[in-house]
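Look at the sequence and the model below.

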Amino acid sequence: MKKRILSGITPSGSALHIGNYFGAVKPQIELQNDNETYYFVADLHALTTVQDKAGLEKNITNVILDYLALGLDPQKCVFFRQSDVPAHSQMMVVLGNYVTLGHMQRMHAYKDKLQKGVTVDAVNMGLFNYPILMAADILLYKPEFIPVGEDQRQHVEITRDMAESFNKKYGNVLVLPEPMISKEVGRIVGTDGSRKMSKSLGNVISIFEDEEVIHKQIMGCYTDPNRKKATDPGRVEGNPVFVFHDLINDDKNEVADLKQRYGKGQVGDVEVKERLFEAHKRLFSKARQTRKALERDQEALRAILRDGANKASRVANATLEEVYSSIGIINSLNK
Ligand code: ADP
Ligand code: TRP
């Protein structure tokens, strides 16, 4: 049975790393094969953090290129920009009436700001209202599942609450979505071997950076600190280099062989890392080429987004009309 699935990607500016890829992008893209998928670039959401014109435009283009290069197929899923579908902003205005200030004050993103020392008076309303725009993004499409990271669970929950509160007053108009959060790859370790791989921690293996940069990231990866020489038996379990081999390397025999030799002290760290670099090239070289080609074809990109916006608008506007009719706003849209 095909499920309707929706997710948004904020163009916040960080270049994709393998943690993003295995934790979020790959599972999202795989879902396009057997489901009805809606994926969009949440450009209006990015305004809470990106407030320079050139920077925002660049981030948006980068996200679009990354996703298309990694296999998002606009023939299989509806891929669009949030700002291309005005119904998102219109729906947000309505939904704000079905959530309380008290509830909004319990949202993590807002509370985190306060904890970082920002005073209530200085929190921008875009950030405070972020969950309402996200609820609008979701509810317009009546999706069953929302594939997101653990950090977004609370936002899907408040979306359900808004839908429930709306439905209680007006009947079963909105569909309550479920978050879809992967347990196994929810937290990929960084090259420092201890913390979550994250752009802001500088412990990443990138996907689209220059090869020299990626080589350096891989060669700098933490391994077994107790191993002084290549002839010392090394620890495979929990060693980030092998975590990455398991994720990236398509040659499973090679991985098994390297692990065995590593455990016996028959292979050096440098060779293990060089093999990882080769595996990275095998896995991502096609995506890297595709990205370069797409970058040169701006017209094709515009056509993809135009088509996505048309398809998304049809679904979103139908729900908006239904919502307006339910609440008693009968206007030129739904008369
Ligand atoms: P970063 O921490 O590098 O800034 P983001 O917060 O922009 O990454 O995350 C974008 C998406 O990638 C989210 O869905 C998040 O859950 C996922 N993600 C980020 N880092 C990891 C990781 N180390 N392991 C698994 N998933 C991750
Ligand atoms: N807030 C999400 C994030 O930062 C992005 C997002 C915006 C989203 N609207 C959405 C995700 C709707 C799922 C559904 O990752």
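In helix H9, the residues Phe242, His245 and Asp246 meet Lys252, Val255, Leu258, Lys259 and Tyr262 of helix H10. Contact here means heavy atoms within 4.5 Å, and helices are DSSP runs of H or I with at least four residues, numbered from the N terminus. By class, the residues of this contact divide into 4 nonpolar, 1 polar and 3 charged. Ala, Val, Leu, Ile, Met, Phe, Trp, Tyr, Cys and Pro count as nonpolar, Asp, Glu, Lys and Arg as charged, and the others, Gly among them, as polar.

This is a predicted model, in which local features need pLDDT of at least 70 and side-chain atom pairs count only at pLDDT 80 or more, while totals for chains, interfaces and linings use all residues. Residues are numbered from 1 along each chain as its sequence is written, chains are lettered from A and ligands numbered from 1 in the order in which they are written, and side-chain values use heavy atoms, with hydrogens and water left out.

H9 covers residues 240–248 and H10 residues 252–264; they pack at an angle of about 165 degrees, with axes 9 Å apart. H9 is therefore roughly antiparallel to H10. Axes are lines fitted to C-alpha atoms, for helices over the stretch in contact, and angles run from 0 to 180 degrees between N-to-C directions. Angles under 35 degrees count as roughly parallel, over 145 as roughly antiparallel, 65 to 115 as roughly perpendicular and the rest as oblique.

How do H3 and H12 pack? Between H3 (residues 87–95) and H12 (residues 298–327) the angle is about 25 degrees, and their axes are 10 Å apart. These two helices are therefore roughly parallel to each other. On the H3 side the contact is made by Ala87, Gln90, Met91 and Val94, and on the H12 side by Ala316, Asn317, Leu320, Val323, Tyr324 and Ile327. That contact has 8 nonpolar, 2 polar and no charged residues.

Next come the ligands. Around ligand 1 there are 14 residues, of which His17, Ile188, Met197, Ser198 and Lys199 come nearest; a residue is near if one of its heavy atoms lies within 4 Å. A backbone N or O atom of Met197 is 2.9 Å from a nitrogen atom of ligand 1. This is a polar contact, a pair of N or O atoms within 3.5 Å.

Ligand 2 is surrounded by 14 residues, and the closest are Thr10, His45, Tyr130, Asp137 and Gln152. A polar side-chain atom of Tyr130 lies 2.7 Å from a nitrogen atom of this ligand.

Notes
Polar contact = N/O pair within 3.5 Å; in protein donor to acceptor, adjacent residues only side chain to side chain.
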